[in-house]
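Student: Could you walk me through the structure shown here, starting with how its elements are defined?

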Number of protein chains: 2
Amino acid sequence: MGDTHGIGEPTLEEQIAAYQREFQDLDPQVEKVVSALSRLNRRMNVAYGRQTAALGISNAEWEVLKALVLSGVPYRMGPSDLAKRLGLTPAAMTHRIDRMVAEGLVTRERDESNRVRVIVELTAEGREKWLEAMRLASVFEEDLLQDLSAKERTTLGEVLTRLLRRVEHAQPDAGGRLSDLD
Amino acid sequence: MGDTHGIGEPTLEEQIAAYQREFQDLDPQVEKVVSALSRLNRRMNVAYGRQTAALGISNAEWEVLKALVLSGVPYRMGPSDLAKRLGLTPAAMTHRIDRMVAEGLVTRERDESNRVRVIVELTAEGREKWLEAMRLASVFEEDLLQDLSAKERTTLGEVLTRLLRRVEHAQPDAGGRLSDLD
DNA sequence: GCTTCGAACTTTAGCTTTGAAGTCTTCAGA
DNA sequence: TCTGAAGACTTCAAAGCTAAAGTTCGAAGC
């Protein structure tokens, strides 16, 4: 796709005002945090999407590369493990791996010790793509946080982690079908 | 879909350690903020998804209801405006409206003053669904922030807004194809 | 040794979205 | 009035996903 169709998004302030108008029992303080968080995340994903596109890979492929790299040497995982890690169905994983094998980012082979299993392994090219993506991403992230002092960064990280613990506690293990973009 | 396939996600700390191992020139402070933000947002979307599902609507439908309500009385918008607001192509909007009309959440009619245009209008049922969803969401959000003091909430909102301004400045207007979930 | 069960992956059918092409309406100029 | 161009929506084909039904291999019981 590439570029958005519209500019027609209200500012954060306008949006919060609209919420107040349409739904009174809403704490504007809370709503501001939640809306800013959601919006910020969306914009960041757009930025990541552009960067990976510039490298000729999709965001979906980037996720797979990331999972493999973070799994550590020898950069191998089974399709089911990858599917779980990325929050996809096994069927979707099969197709995604098909595409990535065709592009030379990963290889797929049967595990000879247990022929039911399949091993997906990162290729040198795949690893290089991930590294390039990380170089771009780290520059972007550093730039994003540039206005925050060291202390503010620490505090922000700490507060977000606290919120994270709270959601994870509130959502035992059920989860949902959302992609894994950290 | 419903429930996730896997529990196999590393903790935030494990993930950051893996990043350090595979990509040295990365500031752990920065990475922690970015990863926590992304992960938190994901979990929140899962929670919203469960809540809307419990009301018998999809997240996609919730987004449309939200756009219409926030547009204010008389809760009307054209398909193109909705598409821009939600970051969808006009084609996708056509289909989505089809479904929602069938479910009685909105109505679609031609604008008699300009027969090229179409007007999508929220029904009473659609508005009620949105209100129910908001009641659930506001409880969840309040609960999420419960451990934060009033001062912390203010600071968090302020810092996130600052980051938001920075991303928006860095990304003039191009945008991308991500759904609008605030 | 054969059979049955379970695990891991693939295949199939159906849905939602995209991008591109098509239709219908309005408006401006000849 | 007619013609051409632009705008707003819809239709169509193809991509990618989910859920459910295969397929194949390995392991346990009879």
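Tutor: Gladly! Two strands pair if DSSP finds at least two bridges between them; helices (H or I, at least four residues) and strands (E, at least two) are DSSP runs numbered from the N terminus. This is a predicted model, with local features needing pLDDT of at least 70 and side-chain atom pairs pLDDT 80 or more, while totals for chains, interfaces and linings use all residues. Residues are numbered from 1 along each chain as its sequence is written, chains are lettered from A and ligands numbered from 1 in written order, and side-chain values use heavy atoms, without hydrogens and water.

Student: Which residue in strand 3 of chain B is the bridge partner of B:Arg76?

Tutor: Strand 1 of chain B is joined to strand 3 of chain B by two bridges, running antiparallel. B:Thr107 also has its bridge partner in strand 3 of chain B. For B:Arg76, the partner is B:Glu121.

Student: In what order do the three strands of the open sheet in chain B lie?

Tutor: Strand 2 and strand 3 (residues 118-122) of chain B pair in the antiparallel sense over five bridges. The edge strands of chain B, each pairing on one side only, are strand 1 (76-77) and strand 2 (106-110). The order is therefore 1-3-2.

Student: At what angle do helix 4 and helix 5 of chain A pack?

Tutor: Axes are lines fitted to C-alpha atoms, for helices over the stretch in contact (heavy atoms within 4.5 Å), and angles run from 0 to 180 degrees between N-to-C directions. The axes of helix 4 (residues 79-86) and helix 5 (residues 90-102) of chain A are 9 Å apart, and the angle is about 110°.
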